[in-house]
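User: Hi, I'd like to go through this structure with you, and I'm new to this, so please spell out the terms as we go.

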Amino acid sequence: LLGWEHDGNALSPEVRTQALQRCSAFGAQDLSNLAWAVAVLCIRDTPLLAGIAQHAHRKVAQFEPQHLCNVVWAFAELGWGATCLRHERTPLVGSLSLAVARRLVEVPNPGLSATAWAMANLIGLDHKRSAAASKRSRG
């Protein structure tokens, strides 16, 4: 990813195409790592994010708790939440919500507050309630 040229918002069409072609062969950890890296680099490339979301939605059952935490955080960090939902975002948010709810007890303690914050953003809870939930999860 570090070799990809981008303007902070979008990748070149060639790089995007290459990334999306590779996504189809990616496993859960690969998709999780890609989503995390895109978020860290602040790449807000809608077609790339939609592609990652589509593949993540299909493979969410294969995600380990850390993969879930990474993907939830990445999409929330990039503003892919309920406040700006489009039709391609809804399936991922729904499948991530169910997966996190089912496996919440497996999420390591350091990931609980970040996951709570991210899920609150993805499903559209306001920040005050999100902060209160995060504080309660830390004890």
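User: Which residues touch the most other members in the largest nonpolar core?

Analyst: Before that, a word on the source: this is a predicted model, where local features need pLDDT of at least 70 and side-chain atom pairs count only at pLDDT 80 or more, while totals for chains, interfaces and linings use all residues. Residues are numbered from 1 along each chain as its sequence is written, and side-chain values use heavy atoms, leaving out hydrogens and water. As for the core, it has 34 residues, and Val-38, Ile-52, Phe-63, Phe-75, Leu-96 and Leu-122 are the ones that touch the most other members. At least two core residues come from each of H1 (13-23), H2 (28-40), H3 (46-59), H4 (65-77), H5 (90-103) and H6 (109-123). A nonpolar core here is a set of buried Ala, Val, Leu, Ile, Met, Phe, Trp, Tyr and Cys residues joined through side-chain atoms within 4.5 Å, and buried means under 20% relative accessible area, with exposed over 50% and partly exposed in between (1.4 Å probe, protein chains only).

User: And what does Phe-63 touch?

Analyst: Not counting residues up to four places away in sequence, Phe-63 touches Ala-28, Leu-31, Ala-56, Leu-68, Val-71 and Arg-103, where contact means heavy atoms within 4.5 Å.

User: How many helices and strands does the protein have?

Analyst: There are seven helices and zero strands; these are DSSP runs numbered from the N terminus, with helices (H or I) needing at least four residues and strands (E) at least two.

User: At what angle do H1 and H3 pack?

Analyst: The angle is about 0 degrees and their axes lie 10 Å apart, with axes being lines fitted to C-alpha atoms, for helices over the stretch in contact, and angles running from 0 to 180 degrees between N-to-C directions. H1 is therefore roughly parallel to H3, a label for angles under 35 degrees, whereas over 145 is roughly antiparallel, 65 to 115 roughly perpendicular and the rest oblique. On the H1 side the contact includes Arg-16 and Cys-23, and on the H3 side it includes Gly-51 and Ile-52.

User: Is Cys-23 buried or exposed?

Analyst: Cys-23 counts as buried, because its relative accessibility is 0%, and Cys-69 is buried as well, at 7%.

User: How many disulfides are there?

Analyst: A search of the whole structure finds zero, taking a disulfide as a pair of cysteine sulfur atoms within 2.5 Å.

User: Switching topic, where is Ala-76, and what is it in contact with?

Analyst: Ala-76 sits in helix H4, and leaving aside neighbours within four places in sequence, Ala-76 is in contact with Trp-117, Ala-118, Asn-121 and Leu-122.
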